[in-house]
Amino acid sequence: MVFASATTGFKQDVPEIQNAFLEDPVMVSVLERLLPSNVLKEITPDLVQISEWSMTEGAALLDRMEEDQPKLRQYDSWCRRVDELLVTESWNKQKIVAAREGIVAIAYERKYGQYSRIYQMAKLILWSTGSGLYTCPIAMTDGCARVIEIIGTQEMKDEVYSRLTSRDPSRFFTSGQWMTERPGGSDVGRTETQAVWDEEKKAWSISGFKWFSSATDADVTMLLARTHEPDPSVAHGTMKDGSRGLSLYLARVRDEEGKLNGVRIHRLKDKVGTKALPTAELELDGMVGQLVGQKYRGVKNISAILNITRIHCGLNCTSTMQTLLLRSKEYARRREVFGALLKEQPLHLATLANMELQYRATCQFTFFCVGLLGRTETIDNNLPEIKDRDFPLLRLLTPILKLWSAKNAFYLSQEAMECFGGQGYMEETGIGRAMRDVLVNTIWEGTTNVLSLDLLRVMTETRGAALEIYSATIREIMAPLKGQSEWIKSAKSLEECLVLIAIRFTAYSTSEGRKTLEASARGLSLAMADVIAGALLCQHAAWSQAKAKANSSNALAAAEAKVDQISAQRWCEELYRRVDHQIQNLGREERYEEDKLMLFKLAEARGEAAASSAERFGETKL
């Protein structure tokens, strides 16, 4: 046997994905179920080409963006403040591609009606693989476009909306979303930024400090500010406290001469991940902006943005899971250990299967929410099924999707890293970067706890009606499967979980039970996501079975139906036990006081005892 050297000996075959759309049977199957056949046929070539671009040109751009990160040049050589944000050519190229490919425009052209959102988001998932963190400004651009479409002035629609939704790279605008300040991120009621009416400019002058502003190089931005009452009959400087004093504003980041519009870039943020994305602390001093919608309705008016950006978070997570799972499976086909390929080894196979199941569930839930979004944007909002079902259901599910998919994606990224062994820990493979980048989804647009409390807020605001709509939706999904022997256990498990969730909400919806309910809010959110994902997996499997029966000679259809059935049943078989743990054990009444004792009271008692002891010792010494 010849000894190995740097150039001789074993060399591992490189696991490569050629085209995620063609190699991932899950998303293709979901699209086939959700879209009319003529629509899917028409958009398929576009989805194939964007996936190919992501794996080739996009991947190269992504590497260069990571290597040459944004920089801030605050002063020129003559000590003049310039605040020049330097981004790479690769980052700017992503903006060109986003416009040309209609990543935002598809949703607003509405060529396919309610299905345009599904087309847009499917393309976005595939584009994300090669676009890096440019999905962040795209998410905020999408949200900004929707808000202007709903409540913007005609001038905003003509001058800004038309550019946010343009396919022309020379006209295309991106938008920022500047909400976070030092007193709080999700707690926007503590916003310090103020807006004062400037009669001479016929605009609002906005001043304050924005602590975390993603897409600092955007063309326009949406931001919250505390509004000075402009009515001359009211005392000068009068403002309302809390979130009720906030209004939503739209501002151009630069003026007509290309100079920053009352903005000073204090510094770029040094983040754990998302390194290619320019994120900054910004000081606003007389930024000229326009009011969006009515005064003092800022928090309500940003709800349309949040619905969209939270769904974008779910899509980003779905995309990361898709890519890492495909790479892990491809590696298992090529990597031989202890005399056998990884794909033949039981433990590794079980690990991959669990990752696959998480991805399948996330994909189903994500596209369900996308479908709801498309319906609410294109179908008559006065129809009962839209007004009384789809709108409140979308409001309930978007925070749940966001927090749940973020947890799933980070878990899967860890498993993917392990699947590659030592190579997974190497920067060159890109898995570490993917793990760091996907982690932002647990923070941006609300942490798991913040979004879980948002769920309780929805329940309170609707007096439990949102939960009734949620339960009715799942029962409606499962109704066609009733009486079918292969779905009896799954249907029973889902129904028992719905009862558990309902009991939890009703039993502790009083003021006395509020602390217990809050303590179990995270578990409730995760449980509700698990349950609706289970119902959607069952629905998809039943559709797949019907498709196979209609094409009895099609072996592929039969295999897909079998896998879909296995996935749905496996997800549901331990669902009750998981949900019971999530919402029962984590929210026991006595647990709140126990947690305080364990985390803080014991340490405080020790501190007091130590101080008392030191005092006595000092007296004795004297």
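Glu-281 and Lys-269 pair up through a salt bridge between their side chains, at 2.7 Å from N to O. Glu-281 sits in strand 9 (residues 280-292) and Lys-269 in the loop between strand 8 (263-268) and strand 9, so the pair ties together parts that are twelve residues apart in sequence. Both Glu-281 and Lys-269 are buried. Keep in mind that this is a predicted model.

- Over in helix 11 (residues 346-378), Glu-356 and Arg-360 lie four residues apart, about one turn of the helix, and their side chains meet in a salt bridge at 2.9 Å, N to O.
- Residues three or four places apart on an α-helix point the same way, because there are 3.6 residues a turn.
- Glu-356 counts as buried at 15% relative accessibility, and Arg-360 is buried too, at 11%.
- Glu-574 forms a salt bridge with Arg-577, with the closest N and O atoms 2.9 Å apart.
- Here Glu-574 is partly exposed at 41% relative accessibility, while Arg-577 is exposed at 52%.
- Elsewhere, salt bridges with shared partners link Arg-110, Arg-117, Asp-142, Arg-146, Glu-149 and Glu-377 into one network.

**The nonpolar cores**
- The largest nonpolar core has 155 residues, and Tyr-470 and Ile-501 touch the most other members.
- Helix 18 (residues 521-550) gives this core its largest share, 15 residues.
- Leaving aside residues up to four places away in sequence, Tyr-470 touches a set that includes Leu-393, Leu-396, Leu-498, Ile-501, Met-528 and Val-531.
- There's also a second, separate core of 16 residues, with Leu-85, Ala-195, Ala-225 and Leu-282 among them.

**An enclosed helix**
- Seven of the eight residues of helix 13 (residues 431-438) are buried, so this helix is largely enclosed by the rest of the structure.
- Those buried residues include Arg-433 and Asp-437 as well as Ile-431, Met-435 and Val-438.
- They pack against helix 3 (37-67), helix 10 (303-334) and helix 12 (384-419).

**A nonpolar patch on the surface**
- Met-598, Leu-599 and Phe-600 make up a nonpolar surface patch, with about 370 Å² of accessible area together.
- Phe-600 belongs to helix 21 (residues 591-621) and is exposed, with a relative accessible area of 54%.

**What UniProt says**
- An unreviewed UniProt entry places "domain: Adaptive response protein AidB N-terminal" at residues 18-167; in the model that stretch is 71% helix and 7% strand, with its end C-alpha atoms 27 Å apart.
- UniProt (unreviewed entry) also annotates "domain: Acyl-CoA dehydrogenase/oxidase C-terminal" over residues 297-458, a span that is 77% helix and 2% strand, with end C-alpha atoms 18 Å apart.

Methods: Residues are numbered from 1 along each chain as its sequence is written. This is a predicted model: local features need pLDDT of at least 70, side-chain atom pairs count only at pLDDT 80 or more; totals for chains, interfaces and linings use all residues. Side-chain values use heavy atoms; hydrogens and water are left out. UniProt positions are given in the numbering used here, feature names are shortened, and annotations may be inferred rather than shown by experiment. Patches are made of residues with over 30% relative accessible area and no salt bridge: like charges are joined within 9 Å, nonpolar side chains (Val, Leu, Ile, Met, Phe, Trp, Tyr) within 5 Å. Accessible areas come from the Shrake-Rupley method with a 1.4 Å probe; for residues, only the protein chains shown count as cover. A salt bridge is a side-chain nitrogen of Lys or Arg within 4 Å of a carboxyl oxygen of Asp or Glu. Buried means under 20% relative accessible area, exposed over 50%, partly exposed in between (1.4 Å probe, protein chains only). Contact means heavy atoms within 4.5 Å. A nonpolar core is a set of buried Ala, Val, Leu, Ile, Met, Phe, Trp, Tyr and Cys residues joined through side-chain atoms within 4.5 Å.
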